[in-house]
Amino acid sequence: MSDFVAALPMYDWPEMRSEVDAQWARLRDAFRQKGIGAPQTIARVNADLRPVEGGIRDAAGKVIAPDPATLPPDELDFHGLWLHPALLFAQTCWGPMELGLSTHVQVIGQPNYDAFEGGQGELYSSALVMRAGEAPTVGSPSEGSPLIPLDILRGKHFTFNSLDSMSGFIGLTRDLEAMGESLDIFTARSESGGHRASIVAIAEGRADVAAIDCKSWALAQRFEPAAQAVKVVGWTGRRKGLPFITARTTPEPVKNILVDLLISLGAVGTTVR
């Protein structure tokens, strides 16, 4: 049994499980060939995380997350995963990173978003989506600048996955502020709990607009029937995509091996030393 924890939760849709498992198997085998005892499978629920008696603590000994064994076993607490002292490899979002997570983890690379409209190398943008027929459909600007149709968005109900999401909330907030506007252009705001849930809410008429990161939007077009009733009416500006991380306590030699392997496997757009 491995001493490490690994997970790839950010795009782990039920329909993507086999692809995500294959991605991890490729990484796991490469890590093991370099002498790193990577776990056989990725963690998907709290029950998959090793217990941390007394709770997860920071370098000063302060409890910053509960013992995973005390949490609902069939759910996954993202922060408990990201802060776990045995974390070898995972993916997170720059929203939580800017809100304090960065002091407890190390960034080891940025994935490549070239395969998705709205992505370029390590950069990604979010599609602004509304119900089909309510506004013209637009493509992603080639230069990656924001394309925010204020006249269309004003007065609408905005739904978002979470307050700490760069793609679903923070990025659009910053683009609006750069235009001299704010989220006050919306008459209502609600938290959906996930990008997929936001798309369904719009299709069902419970909300009007959402910002969906370009990879999640591509997945929705493959797997979510409600996406057929939703179209892209704008785009946020491009920003750094969801980083790959390891625990702050991961030894430097191990971190360097992880970085080198990500490069050799072509799994990243850029890496961090």
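Strand S12 is mostly covered, with five of its six residues buried; buried means under 20% relative accessible area, exposed means over 50%, and partly exposed lies in between (1.4 Å probe, protein chains only). Helices (H or I, at least four residues) and strands (E, at least two) are DSSP runs, numbered from the N terminus. This is a predicted model, where local features need pLDDT of at least 70 and side-chain atom pairs count only at pLDDT 80 or more, while totals for chains, interfaces and linings use all residues. Residues are numbered from 1 along each chain as its sequence is written, and side-chain values use heavy atoms, with hydrogens and water left out.

**Strands and their partners**

- S12 runs antiparallel to strand S8 (residues 126–131), and five bridges join the two; strands pair if DSSP finds at least two bridges between them.
- Within this pairing, Val230 of S12 stands opposite Arg131.
- Elsewhere, three strands form an open sheet in the order S6-S7-S13, with antiparallel pairing.
- Strand S6 (119–120) and S13 stand at the edges of that sheet with a single partner strand each, so one side of each is left without a neighbour in the sheet.
- Two bridges hold the antiparallel pairing of S6 with strand S7 (residues 123–124), and Gln120 has Leu123 in S7 as its bridge partner.

**A look at Arg239**

- Arg239 is found in strand S13 (residues 239–240) and counts as buried, at 18% relative accessibility.
- A polar atom of the Arg239 side chain lies 3.1 Å from the backbone oxygen of Gly171.
- Leaving aside neighbours within four places in sequence, Arg239 is in contact (heavy atoms within 4.5 Å) with several residues, including Glu122, Tyr124, Met166 and Asp175.

**Helix H1**

- Which residues of H1 are buried? They are Val20, Trp24, Leu27, Arg28, Ala30 and Phe31.
- These residues cover an arc of only 165° around the axis, which puts them on the same side of H1; the arc is that of the directions from the helix axis to the C-beta atoms.
- An α-helix has 3.6 residues a turn, so residues three or four places apart point the same way.
- The buried residues of H1 pack against strand S1 (5–6), strand S4 (87–91) and H8.
- Exposed Ser18 and Gln33 sit on the face of H1 turned away from its buried side.
- Just after H1 comes Gly35, with a positive phi of about 85°.

**Helix H8**

- Helix H8 (residues 252–264) has 13 residues and reaches 18 Å from its first C-alpha to its last, close to the 18 Å expected at 1.5 Å a residue.
- Its buried residues are Val254, Lys255, Leu258, Val259, Leu261 and Leu262.
- They cover an arc of only 165° around the axis, which puts them on the same side of H8.
- Pro253 and Ser264 are exposed on the other side of H8.

**Salt bridges**

- How many salt bridges does the structure hold? There are 14, each being a side-chain nitrogen of Lys or Arg within 4 Å of a carboxyl oxygen of Asp or Glu.
- One of them joins the side chains of Asp21 and Arg44, at 2.9 Å from N to O.
- Asp21 lies in helix H1 (residues 17–33) and Arg44 in the loop between H1 and strand S2 (56–57), so this pair ties together parts that are 23 residues apart in sequence.
- Asp21 is partly exposed at 34% relative accessible area, and Arg44 is also partly exposed, at 21%.
- Asp21 and Arg44 belong to a network of salt bridges that links them with Asp12 and Arg17.
- Arg196 and Glu224 form another salt bridge, their closest N and O atoms being 2.8 Å apart.
- Arg196 lies in helix H6 (residues 195–203) and Glu224 in the loop between helix H7 (214–223) and strand S12 (230–235), so the pair ties together parts that are 28 residues apart in sequence.
- Arg196 is partly exposed, with a relative accessible area of 21%, whereas Glu224 is buried at 12%.
- Arg206 and Glu204 also meet through their side chains in a salt bridge (2.9 Å, N to O), and Glu204 counts as exposed at 53% relative accessibility.

Methods:
Polar contact = N/O pair within 3.5 Å; in protein donor to acceptor, adjacent residues only side chain to side chain. Expected span 1.5 Å × (residues − 1).
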